[in-house]
Amino acid sequence: MTHHKPNRAVEGDPDHGHGRGMPRRPDEDALQQRTARDRAEAGLPAGPPEDPEAEYRAAQDEVDREAGTGEIPTGEAARKDRDPFPPTRYER
C-alpha cells in the first residue's frame, strides 16, 4: 500500500521558504528588520524624514549661508578668471 502526502506537506508553503528562487511574497517583517539594520549600519536615521520639504529648506538655507560668508564659491567670476582646479588642502 502506498501513502501519498499532499504537496504542502512535502514541499512546504509555496509562498514562503520555497527552495526554487525568490518567494512570490517576501517576508515583509524580515525585510523591514533588515532595512532598519542596514540603515543603522550606514549611519542613517531609522526612517524617512518627517517633513522632507523642511529638510530641503534647511539644507538650502545652509548653502545660502555658506555662499554669503564666502565659505563656498558662488561661481560669479568668469571662467577665465577662475582657478582651473578646484580648491585643495594639498600643496601644488
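How many Å should the 18 residues of helix 3 span at 1.5 Å a residue, and how far apart are its end C-alpha atoms? The legends below take up this question and others, and they describe a predicted model.

View 1. Of the 92 residues of the chain, 2% count as buried. The accessible surface of the chain comes to about 9,000 Å², and carbon and sulfur atoms account for 52% of that surface.

**View 2. Helix 3 and the residue that follows.** Helix 3 covers residues 52-69, and at 1.5 Å a residue its 18 residues should span 26 Å. Just after helix 3 comes Gly 70, which takes a positive phi of about 85°.

**View 3. A salt bridge between Arg 57 and Glu 53.** Side chains of opposite charge can pair when their charged atoms come close. The structure holds three salt bridges, and one of them joins Arg 57 to Glu 53, with the closest N and O atoms 3.9 Å apart. Both residues lie in helix 3, where Arg 57 and Glu 53 are four residues apart, or about one turn of the helix. Arg 57 counts as partly exposed because its relative accessibility is 43%, which is between the limits of 20% and 50%. Glu 53, with a relative accessible area of 45%, is partly exposed as well.

**View 4. A network of salt bridges around Arg 65.** Glu 62, Arg 65 and Glu 71 are linked in a network of salt bridges. Arg 65 meets Glu 62 at 2.8 Å, N to O, and because these two residues are three apart in helix 3, about one helical turn separates them. Arg 65 also forms a salt bridge with Glu 71, where the closest N and O atoms are 2.9 Å apart.

**View 5. The largest pocket and its lining.** The largest pocket holds about 210 Å³ of space and is lined by 13 residues. Pro 73, Arg 82, Asp 83, Phe 85 and Pro 87 are the lining residues that lie nearest its centre. By class, the lining of the largest pocket has six nonpolar, two polar and five charged residues.

How values were computed: Residues are numbered from 1 along each chain as its sequence is written. This is a predicted model: local features need pLDDT of at least 70, side-chain atom pairs count only at pLDDT 80 or more; totals for chains, interfaces and linings use all residues. Side-chain values use heavy atoms; hydrogens and water are left out. On a 1 Å grid over the protein atoms alone, a cavity is a set of points where a 1.4 Å probe fits but cannot get out, and a pocket is an open set with protein on both sides within 12 Å along at least five of seven lines; lining residues have an atom within 4 Å of a point. Grid points are joined across faces, edges and corners, and a volume is the space filled by probe spheres set on the points. Ala, Val, Leu, Ile, Met, Phe, Trp, Tyr, Cys and Pro count as nonpolar, Asp, Glu, Lys and Arg as charged, and the others, Gly among them, as polar. Buried means under 20% relative accessible area, exposed over 50%, partly exposed in between (1.4 Å probe, protein chains only). Accessible areas come from the Shrake-Rupley method with a 1.4 Å probe; for residues, only the protein chains shown count as cover. The expected span of a helix is 1.5 Å times one less than its number of residues. A salt bridge is a side-chain nitrogen of Lys or Arg within 4 Å of a carboxyl oxygen of Asp or Glu.
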